[in-house]
Amino acid sequence: IQADGMDGNCVTFVLHDEDHTLGNSLRYMVMKNPDVEFCGYCITHPSESKINFRIQTRGALPAVEPFRKGLNDLMGVCQHVLNTFE
């Protein structure tokens with residue numbers, strides 16, 4: 001994961017070897033956070049397997065915090081689905 005941005009509350013993360021499967025799910029989880037003002041992603045080109053995932057937060061909250069929380073929440077949901085399936 002690479003982060004690029006001058007401001008800590010508005011960051012674009014580059015996720016390699018990912019597509020809409022992670023992008024849309026993670027966007028949904030991050031947007032559940034009331035401190036997140038904007039969250040979106042785009043696939044740079046169909047032949048490249050990476051996404052640009054952008055988060056903008058309100059106030060002084062660093063964008064990496066809702067990013068980490070979104071990933072952890074998504075892992076929890078996936079674990080619950082797996083446990084229910086088994």
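Q: What share of the contacts with a separation of 6 or more comes from residues 24 or more positions apart?
A: A contact means heavy atoms within 4.5 Å. In this protein, residues 24 or more positions apart supply 53% of the contacts with a separation of 6 or more.

Q: What should I know about the model before reading on?
A: It is a predicted model: local features need pLDDT of at least 70, side-chain atom pairs count only at pLDDT 80 or more, and totals for chains, interfaces and linings use all residues. Residues are numbered from 1 along each chain as its sequence is written, and side-chain values use heavy atoms, with hydrogens and water left out.

Q: In what order do the elements of the protein run?
A: Helices (H or I, at least four residues) and strands (E, at least two) are DSSP runs, numbered from the N terminus. Here there are 2 helices and 4 strands. The order from the N terminus is β-β-α-β-β-α. Along the principal axes, the C-alpha atoms fill a box of roughly 45 × 35 × 15 Å.

Q: Which strands are joined to S4 by bridges?
A: Two strands pair if DSSP finds at least two bridges between them. S2 and S4 run antiparallel, joined by 7 bridges. In that pairing, Leu 15 has Ile 51 of S4 as its bridge partner. S3 and S4 are also antiparallel, with 7 bridges. There, Cys 39 is partnered by Ile 55 of S4. S3 and S4 make a hairpin with 6 residues between them.

Q: Which residues of S4 are on the covered face, and which on the uncovered one?
A: In a regular strand the side chains alternate between the two faces of the sheet. In S4, Ile 51, Phe 53, Ile 55 and Thr 57 form the covered face, while Lys 50, Asn 52, Arg 54 and Gln 56 form the uncovered one.

Q: Which residues touch the most other members of the largest nonpolar core?
A: Nonpolar side chains tend to be buried together in soluble globular proteins. A nonpolar core is a set of buried Ala, Val, Leu, Ile, Met, Phe, Trp, Tyr and Cys residues joined through side-chain atoms within 4.5 Å. Buried means under 20% relative accessible area, exposed over 50%, partly exposed in between (1.4 Å probe, protein chains only). The largest core here has 14 residues; Phe 13, Leu 26, Val 30, Cys 39, Phe 53, Ile 55 and Phe 67 touch the most other members. Strands S2 (10–16), S3 (36–43) and S4 (50–57) each give it two or more residues, as do helices H1 (20–31) and H2 (64–85). Leaving aside residues up to four places away in sequence, Val 30 touches Val 36, Cys 39, Phe 53, Ile 55, Pro 66 and Gly 70. Across the protein, 29% of the 86 residues are buried.

Q: How many disulfides does the whole structure hold?
A: A disulfide is a covalent bond between the sulfur atoms of two cysteines. The test is a pair of cysteine sulfur atoms within 2.5 Å. The search finds 0. Cys 10 is in none, and its nearest cysteine sulfur, that of Cys 39, is 11 Å away. Cys 10 counts as buried because its relative accessibility is 15%. Cys 39 is buried too, at 8%.

Q: Is Ala 60 buried or exposed?
A: Ala 60 sits in the loop between S4 and H2. It counts as exposed because its relative accessibility is 78%. Ala 60 and Met 29 are 31 residues apart in sequence, and 20 Å apart from C-alpha to C-alpha.
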